[in-house]
Structure formats: structure tokens, C-alpha cells
Amino acid sequence: MKAREIAELVYGELIGEGDIEITRAVELSVAGSGDLAFISSVNNSTVETGASCILVPESYASNYSPCMIKVRDPKLAFARAAHQLHPRKRRSGIHPSAVL
């Protein structure tokens with residue numbers, strides 16, 4: 001999923017490269033290339049992460065390269081993006097213990 005698609009999904013303002021491919025949603029401290037992470041507070045003015053894109057509060061004033069998405073609620077936006085990036089696997093069939 002492209003960063004610009006995530007920005008549209010979470011109704012955010014994309015700053016930076018929109019064509020970056022995002023493949024996972026992970027915690028900020030372990031994020032790397034292709035990963036999406038978030039910070040929930042503007043107090044984190046210096047972000048040290050390898051994430052390709054981060055979700056930040058609308059009032060976040062610092063820049064992050066290569067990409068950041070400003071949103072009203074970064075935690076909620078992260079949950080929405082994670083749901084798209086990591087869809088729930090559906091189980092099919094009948095459970096062996098089912099009685100019909």
C-alpha cells in the first residue's frame with residue numbers, strides 16, 4: 001500500500017513522498033524500511049526511527065523524511081492503517097468439534 005493511499009484512508013495530510021510502499025504497521029522503536037509507525041504526542045519533537053512513514057498529530061511541527069502523515073488522532077489512524085495492512089484471516093470450513 002502506498003503512503004498516499006494510507007493518507008487518504010486516515011484522512012491525513014501527506015508530507016513527503018507519496019509513492020513509498022508501506023508493507024507493515026509496527027511500533028516506532030522497531031520500525032524499518034517499508035514500515036508505518038506513529039507518535040501520539042507533539043512532545044516527541046525528535047523522532048529516531050527507521051520507519052518509511054510516520055503518523056503524527058496535526059500540531060507536529062518538525063519534519064520527518066521521507067514521509068509523514070498529519071492526522072487528528074495518530075493512534076486511531078494507525079489502527080485503521082494496520083487493519084488494512086494486516087487483514088484478519090478468515091477461517092473457513094467446519095470446526096472438527098462442531099456438532100450438527
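**Overall form of the predicted chain**

The chain exposes about 6700 Å², of which carbon and sulfur atoms supply 48% (Shrake-Rupley method, 1.4 Å probe; for residues, only the protein chains shown count as cover). The model is predicted: local features need pLDDT of at least 70 and side-chain atom pairs count only at pLDDT 80 or more, whereas totals for chains, interfaces and linings use all residues. Residues are numbered from 1 along each chain as its sequence is written, and side-chain values use heavy atoms, with hydrogens and water left out.

The chain contains 2 helices and 5 strands, arranged along the sequence as α-β-β-β-β-β-α (DSSP runs numbered from the N terminus: helices are H or I, at least four residues; strands are E, at least two). The radius of gyration is 16 Å, well over the 13 Å that the globule rule gives for 100 residues, so the chain is more spread out than a compact globule (taken over C-alpha atoms; the rule is 2.2 Å times the number of residues to the power 0.38). Along the principal axes, the C-alpha atoms fill a box of roughly 60 × 25 × 25 Å.

Of the 100 residues, 38% are buried (buried, under 20% relative accessible area; exposed, over 50%; partly exposed, in between; 1.4 Å probe, protein chains only). Among contacts (heavy atoms within 4.5 Å) between residues at least 6 apart in sequence, 36% join residues at least 24 apart.

Glu8 lies in helix α1, residues 3-9. Glu8 counts as exposed because its relative accessibility is 59%. Glu8 and Ile69 are separated by 61 residues in sequence, and their C-alpha atoms are 9.8 Å apart in space.
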